[in-house]
Amino acid sequence: MCVVAPHDDDHGTVENGIAQFESQQSTASECRRLALGFVIVICIALSWVGAVQLTKISYSEAFSAPLFLVWLGTSWMMTLFPVASAIYFLTAPHRFRNPEAALTYWRHCTHVFSPSGITFRSLLTSMVLFTSLWVGTNYSYSRALMYASATDVATLTSSSSAFIVLLSICILKEPILILKILAVLLSCGGIALFSYAEGFQPVQVVGVCLSLVSTIGIAMYKVLLKWRVGDASVYQMALFLSVIGAFNTVTLFPVVLLLHFTGVEILYHIPWNYVIWSSILGVIFNFLINFGIAYTYPLFISLGTLLGIPINATIDALVHNIDLVNWKIPGAILIMSGFLMLLAPPSDSLTIHKFILRLIRWQRTT
């Protein structure tokens, strides 16, 4: 029997062919990931804009109940973990036939509360803190829509990234970088221009202040969540948000009833079409934010919320006849510029920081 060993050239040809095939597979995978990312960006922007606009138009003389809207919208988040679990098991059917896999999945998800899983203490402390922040932030946001346009509220809350930087430096002990500080200054300048554009009239000032309260609440929620759970997986976050939804449903319902019977938030004339669709779009938005990071680039997720600002502005101008001229446009540009600066990867921010420091030292020596 004669065994013919391959020549070096043949071996190289096979290796080159395999490398070329893997490169093509990788390129195709990146293209699919990019395409999925663009779809998710559009869906995030549209779901966010739809939820905000429907919340805005649901308010009338007969109905003004922002806490009820927050309670209903947050309650829908209970669906996130069941949907996430269905995706987890359907994408790998063999997991259905392995009880150990289901148990491992559940243990992995419960570690978001503590290293030992769900305990009464870890569950209660997490839910009291984060449900309070969630409800307070969303209540301020929903109530701000009673006094300001959807574009104003959306733009001002986009400056939450600046407050996240400041809180991350104080709580998470993240390094102080020049690019981040510049982004914070741009966002603060944009907020100042928005306040100036409103003319400091009582109603407009209330809208701006409520938007800023919501903005600070968003920053506190995200930074404390990072401090509490670290780099949680998408399935862990789905469980965490679902438990927030359940905790909100049980604890906030008596408050909603109390406000109704005391006449603070009357619930007789609820525009259900607007309210239900606003809640559904809000859940879709949270779902896409949570799962989009797993299936595409995190940058795309941030761009989705940023894209919602010009879409909101277009709707406000064409449908609601809201004038967006004067100082609001440069204010929005400053806030969006600061937002974009904070999307830079940490390595790039550090490189820019070192380059600016070297440039300053060079100027001092010349």
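Start by selecting Ser159 and whatever it touches: leaving out residues up to four places away in sequence, that gives you Ser187, Ile191, Thr215 and Ile335. Keep in mind as you click around that this is a predicted model. Ser159 itself lies in the loop between α6 and α7 (160-171). Is Ser159 buried or exposed? With a relative accessible area of 0%, Ser159 is buried, since the cut-off for that is under 20%.

Next, pick Ile178, which is found in helix α8 (residues 178-197). Ile178 has a relative accessible area of 27%, so it counts as partly exposed. Show its contacts and, setting aside residues up to four places away in sequence, you'll get His353, Ile356 and Leu357.

Time for some rings. The whole structure holds 15 aromatic pairs. Take Phe68 and Trp272: the ring centres are 6.1 Å apart and the planes sit at 80 degrees, which makes the pair edge-to-face. Phe68 belongs to helix α2 (residues 66-75) and Trp272 to helix α11 (residues 272-295), so this pair ties together parts 204 residues apart in sequence. Phe68 is buried at 6% relative accessible area, while Trp272, at 45%, is partly exposed.

Then jump to Trp134 and Tyr221, an edge-to-face pair with 5.6 Å centre to centre and 70 degrees between the planes. Trp134 is in helix α5 (residues 120-144) and Tyr221 in helix α9 (residues 202-229), 87 residues apart, so here too the pair links distant parts of the chain. Both Trp134 and Tyr221 are buried.

While you have rings on display, select Phe81, Tyr88, Phe89, Tyr105, Trp106 and Tyr235: ring pairs link them into a cluster.

Last stop: the second largest pocket, with about 150 Å³ of space. To centre your view on this pocket, select Thr151, Ala313, Lys328, Ile329 and Ala332, the closest to its centre among the 12 lining residues. Which elements give two or more residues to the lining? They are α6 (150-157), α12 (298-318) and α13 (328-341). The most comes from α13, with five residues. Colour the lining by class and you'll find nine nonpolar residues, one polar and two charged.

Definitions and conventions
Residues numbered from 1 in each chain as written. Predicted model: local features only at pLDDT ≥ 70, side-chain atom pairs only at ≥ 80, totals over all residues. Heavy atoms only, no water. 1 Å grid on protein atoms, 1.4 Å probe; cavity = no way out; pocket = protein on both sides within 12 Å on 5 of 7 lines; lining within 4 Å. Points joined across faces, edges and corners; volume = space filled by probe spheres on them. Helix = DSSP H or I, 4+ residues; strand = E, 2+ residues; numbered from the N terminus. Nonpolar A, V, L, I, M, F, W, Y, C, P; charged D, E, K, R; others polar. Buried < 20%, exposed > 50% of the residue type's maximum accessible area, 1.4 Å probe, protein only. Contact = heavy atoms within 4.5 Å. Phe/Tyr/Trp six-rings, centres within 6.5 Å; stacked < 30°, edge-to-face > 60°.
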